[in-house]
Amino acid sequence: MPPQSETIDITLRKAKELGTFKVTEKWRDELYTVHREDGLKPSGDRIITMERSGSPLFGIVTYGVHMTAYVNTQEGMKIWVPRRAKGKTYGGLLDNTVAGGIATGEEPLECILREAAEEASFSEELVRSRAKPCGTISYFSFRDERAGGEINLLQPEVQFVYDMEVGAEVVPKPCDDEVEDFRLWTVDEVQKALSEGLFKPNCALYLLDFFIRHGILTAQNEKHYVEIVSRLHRKLPFPTVTAM
């Protein structure tokens with residue numbers, strides 16, 4: 001472990017012990033990477049890491065994956081929507097089909113394979129054959145009381161986006177304690193839930209991106225179309241990796 005990582009780890013563990021910050025109460029035992037200023041992916045002993053729960057305190061750019069699984073039916077497109085477990089952050093809100101943070105040393109595809117199995121019981125074979133990478137989105141997230149811990153912490157995020165069309169025979173099932181259940185909703189039902197604020201805030205962004213890419217949200221039916229597209233790909237004033 002580089003000395004910088006060791007110092008950060010000692011500091012965060014002491015903060016958890018003393019109860020200095022509320023965010024460290026939900027210790028994850030997962031490491032996030034602090035990326036280099038030149039945008040290149042760090043390797044070996046140059047990797048500086050920190051405990052995931054402490055990352056909002058430092059405002060580092062975090063990385064994750066989000067995937068939307070959908071079915072094309074005779075009645076039109078339908079989307080698999082999970083509800084987050086009530087005991088989790090943003091408990092009870094709706095989510096993307098599969099999502100999670102990219103841990104140190106993990107590639108985006110590895111992460112989506114892991115999360116798909118843990119959260120939706122999707123097989124590796126299914127995801128490898130059906131999931132399609134669809135770029136990234138980037139934004140700032142402001143943590144509120146639903147995230148747990150201190151509020152108004154500013155967290156810049158870059159997320160790798162995947163789509164996965166599945167047949168009617170594929171039904172996601174919760175495998176861990178992250179998700180309560182899944183429901184197969186029409187586009188109209190998803191849009192109504194979005195308008196009512198029923199989705200976890202950042203998850204709404206991925207659905208907007210999905211609707212744009214599939215021609216559901218267009219310049220003809222949304223007066224703020226250009227602004228929405230721009231804000232889904234914000235230029236972050238911090239070091240970000242040029243590739244994963």
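**A first walk through the chain**

Analyst: Just after helix 3, S121 takes a positive phi of about 60°. Helices (H or I, at least four residues) and strands (E, at least two) are DSSP runs, numbered from the N terminus.

User: Before we go on, what kind of model is this?
Analyst: This is a predicted model, in which local features need pLDDT of at least 70 and side-chain atom pairs count only at pLDDT 80 or more, while totals for chains, interfaces and linings use all residues. Residues are numbered from 1 along each chain as its sequence is written, and side-chain values use heavy atoms, with hydrogens and water left out.

User: How many helices and strands does the chain have?
Analyst: The chain has seven helices and eight strands.

User: Back to helix 3, then. Which of its residues are buried?
Analyst: In helix 3, the buried residues are P108, C111, I112, L113, E115, A116, E119 and A120. Buried means under 20% relative accessible area, exposed over 50%, and partly exposed in between (1.4 Å probe, protein chains only).

User: And what covers them?
Analyst: The cover includes strand 3 (62–73), strand 5 (98–101), helix 4 (124–130), strand 7 (154–165) and strand 8 (179–186).

User: What span should helix 3 have?
Analyst: Helix 3 covers residues 108–120, and at 1.5 Å a residue its 13 residues should span 18 Å. The expected span is 1.5 Å times one less than the number of residues. The end C-alpha atoms of helix 3 are 17 Å apart, which agrees.

User: Now helix 6. Which residues are buried there?
Analyst: Helix 6 (residues 201–213) has N202, C203, A204, Y206, L207, D209, F210, F211 and I212 as its buried residues. They pack against strand 3, strand 4 (76–84), strand 6 (131–142), strand 7, helix 5 (187–195) and helix 7 (225–231). Just after helix 6, G215 takes a positive phi of about 70°.

User: Where is M77, and what is it in contact with?
Analyst: M77 lies in strand 4. Leaving aside neighbours within four places in sequence, M77 is in contact with Y70, V71, N72, W185, T186, V187, F210, H214 and I216. Contact means heavy atoms within 4.5 Å.

User: Why does M77 count as buried?
Analyst: M77 counts as buried because its relative accessibility is 18%. M77 and L184 are 107 residues apart in sequence and 9.8 Å apart in space, C-alpha to C-alpha.

User: What about Y70: buried or exposed?
Analyst: Y70 is buried, with a relative accessible area of 9%, and its place is in strand 3. Beyond neighbours within four places in sequence, the contacts of Y70 include M77, K78, I79, D163, F210 and H214.

User: Which residues does T49 touch?
Analyst: T49, found in strand 2 (residues 48–51), is in contact with S5, I8, L31, Y32, T33 and T104, leaving aside neighbours within four places in sequence. At 9% relative accessibility, T49 counts as buried.

User: To finish, what can be said of the whole chain?
Analyst: Buried residues make up 47% of the 244 residues. Among contacts between residues at least 6 apart in sequence, 70% join residues at least 24 apart. Along its principal axes, the C-alpha trace spans about 60 × 35 × 35 Å.

User: How does the radius of gyration fit in? What would a compact globule have?
Analyst: With 244 residues, a compact globule would have a radius of gyration near 18 Å, and the chain has 18 Å, which agrees. The radius is taken over C-alpha atoms, and the globule rule is 2.2 Å times the number of residues to the power 0.38.
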